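Trainee: Pick one part of this model and walk me through it slowly, please. I'd like to see how it sits against its surroundings.

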Amino acid sequence: MTFAHERLSRTDRFHGAIFSVYTDEITMSDGSSAPRDVVENRGAVVVVALDDQDQVVLIKQYRHPVRSHLWELPAGLRDVEGEDPALTAARELAEEADLTAGRFDRLVDLHTSPGFSDEFVLVYLARDLAEVPAADRHARTAEEADIEVHRVPLDKAVSMALAGEITNAAAVAGLLAAARARDTAWKTLR
């Protein structure tokens with residue numbers, strides 16, 4: 001039997017450009033209630049860009065909360081209201097990796113940290129890659145100014161993830177899903 005958890009009250013804690021934080025009082029399975037802090041997030045897209053040589057595009061970017069440069073996949077917030085997520089993925093691929101793709105397929109969907117956040121990430125596989133002409137490239141500023149873009153064989157990237165060299169959760173999931181999709185002749189794509 002599944003218990004219907006209900007929100008009894010909500011207290012606003014913080015509202016920012018990317019996320020908001022609340023404390024909800026919710027009913028528990030045993031009939032009691034308890035406070036739960038909740039981060040509401042716009043959601044994001046992540047792109048596994050795979051070229052004709054079975055190389056995946058990785059970016060290395062500074063992430064302040066972990067005070068480190070992390071290996072990641074091109075990604076971005078779903079911050080344009082009503083925009084098709086595949087278009088968001090295409091925009092982020094162009095902005096962060098200077099690439100376009102002739103094809104986008106859904107690989108995997110993720111709740112990144114459902115214990116405290118509603119963030120939902122859609123991971124796409126991008127193929128049939130082409131370079132964005134130099135004159136049309138996005139000018140990277142702020143935290144994106146020093147992004148490093150690398151192409152790595154997909155199997156090597158999977159090994160990097162399994163060895164703990166790639167720790168971004170969406171990147172790990174995307175790489176594993178892409179390798180699985182490739183190994184099953186793309187039958188798992190949506």
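Mentor: First, the naming: helices (H or I, at least four residues) and strands (E, at least two) are DSSP runs, numbered from the N terminus. This is a predicted model, so to speak of local features we need pLDDT of at least 70, side-chain atom pairs count only at pLDDT 80 or more, and totals for chains, interfaces and linings use all residues. Residues are numbered from 1 along each chain as its sequence is written, and side-chain values use heavy atoms, with hydrogens and water left out.

Let's take helix H2, residues 154-162. Its buried residues (under 20% relative accessible area; exposed is over 50%, partly exposed in between, with a 1.4 Å probe and protein chains only) are Leu 154, Ala 157, Val 158, Met 160 and Ala 161. They span an arc of only 155° around the axis, so they sit on the same side of H2; that arc is taken from the directions from the helix axis to the C-beta atoms. Covering them, by contact (heavy atoms within 4.5 Å), are parts that include S5, S6, S10 and helix H3 (169-183). After H2 comes Gly 164, with a positive phi near 85°.

Those three strands make up an open sheet in the order S6-S5-S10, paired antiparallel; pairing takes at least two DSSP bridges between two strands. Strand S6 (68-72) and strand S10 (148-153) are at the edges with a single partner strand each, so one side of each has no neighbour in the sheet. On average, neighbouring strands here are turned by 30° against each other, direction ignored. S5 (residues 55-63) is joined to S10 by six bridges, and Gln 55 faces Pro 153 in S10.

Asp 155 forms one with Arg 182, the closest N and O atoms being 2.7 Å apart. That links Asp 155 in helix H2 to Arg 182 in helix H3, 27 residues apart. Asp 155 is partly exposed, at 44% relative accessible area.

Elsewhere, salt bridges with shared partners join Asp 51, Glu 131, Arg 137 and Arg 151 into one network. Within it, Glu 131 meets Arg 151 at 3.4 Å, N to O. Glu 131 lies in strand S9 (residues 120-131) and Arg 151 in S10, so the pair ties together parts 20 residues apart in sequence. Arg 151 is partly exposed, at 34% relative accessibility. Glu 131 also meets Arg 137, at 3.2 Å, N to O.

How values were computed:
Axes are lines fitted to C-alpha atoms, for helices over the stretch in contact, and angles run from 0 to 180 degrees between N-to-C directions. A salt bridge is a side-chain nitrogen of Lys or Arg within 4 Å of a carboxyl oxygen of Asp or Glu.
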